[in-house]
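User: I have a protein model to go through. I would like to know what stands behind each label.

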Amino acid sequence: MAETLQDLLDAIRACQTCAAHLPLGPRPVLHVSRTARLLIASQAPGTRVHETGQSFNDASGDRLRGWMGIDRATFYDSSRIALVPMGLCYPGRLPQGGDCPPRPECAPQWRARIMAQMPDIRLTLVVGSYAQQHILGKGRVSERCLDFRRYLPRYFPLPHPSWRTGAWEQRTPRFGSDVLPALRACVQAVLADQPLPVIAPAPAD
């Protein structure tokens, strides 16, 4: 018998694979549906997301929604937008500060099965270095973001929208002048179930 989306979600919620390594215990956080057309592939939940069970329910989510040009209601409409991190549970903190990487067991165990349940995904926003390494292979996040045209129409690479990215945005005006308008146009087209727009060539350096 074929696995249903509900079967898969039940299995994910019961997962104990990484339990011994998770300081707050397992609490998988993802938002998926069979009808989603836009996928946000991110890194792993932070503490606030772990507490609330809602992806990007923090300042990084506010920044990401601003980049995309959409409001919270649209962002959390799982009938249109799926949110699936590489690690589904909060991985803990590094000794020197910052969150640990996503648990390496998670994406190999669940990602292909999750994707099989979302046949209508047209565009994936690949957010942050861990998601990009898993989906796109090795490479520099900043270079991929500025070279986003190379990955269309299937993928749109973005940096992780943490507070640290603010300084990079200030040093990289092309992100605001070139990348974000294209991102917003692509997001609106996918949500409206229209063809992706024709993106003008990259500006000369």
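User: What makes E1 and E3 a pair, and in which sense do they run?

Analyst: This is a predicted model. Two strands pair if there are at least two bridges between them. E1 and E3 have four bridges, in the parallel sense. So they count as a pair. Leu 39 stands opposite Thr 124 in E3.

User: Which strands form the open sheet, and in what order?

Analyst: Four strands form it, in the order E2-E1-E3-E4, with parallel pairing.

User: Why are E2 and E4 called edge strands?

Analyst: E2 and E4 each pair on one side only, so they are the edge strands. Neighbouring strands of the sheet are turned by 20° against each other on average, direction ignored.

User: How do you know that H9 packs on the sheet?

Analyst: H9 touches E1, E2, E3 and E4. A contact needs heavy atoms within 4.5 Å. The direction of H9 makes about 140° with that of E4.

User: Why is Cys 15 called buried?

Analyst: The cut-off for buried is under 20% relative accessible area. Cys 15 has 16%, so it is buried. Cys 18 has 10%, so Cys 18 is buried too.

User: What makes a group of residues a nonpolar core, and which members touch the most others in the largest one?

Analyst: The members must be buried, of nonpolar kinds, and joined through side-chain atoms within 4.5 Å. The largest core has 27 residues. Leu 38, Ile 40, Met 68, Leu 125, Phe 156 and Leu 183 touch the most other members. E1, H3, E2, E3, E4 and H9 each supply at least two residues of this core. H9 gives the most, with nine residues.

User: Which residues does Ile 40 touch?

Analyst: Among them are Phe 56, Leu 64, Met 68, Phe 75, Leu 125 and Val 127. Residues up to four places away in sequence are not counted.

User: Which residues does the second core include?

Analyst: This separate core has 17 residues, including Leu 8, Cys 15, Ala 36 and Val 84.

Technical notes: Residues are numbered from 1 along each chain as its sequence is written. This is a predicted model: local features need pLDDT of at least 70, side-chain atom pairs count only at pLDDT 80 or more; totals for chains, interfaces and linings use all residues. Side-chain values use heavy atoms; hydrogens and water are left out. Buried means under 20% relative accessible area, exposed over 50%, partly exposed in between (1.4 Å probe, protein chains only). Axes are lines fitted to C-alpha atoms, for helices over the stretch in contact, and angles run from 0 to 180 degrees between N-to-C directions.
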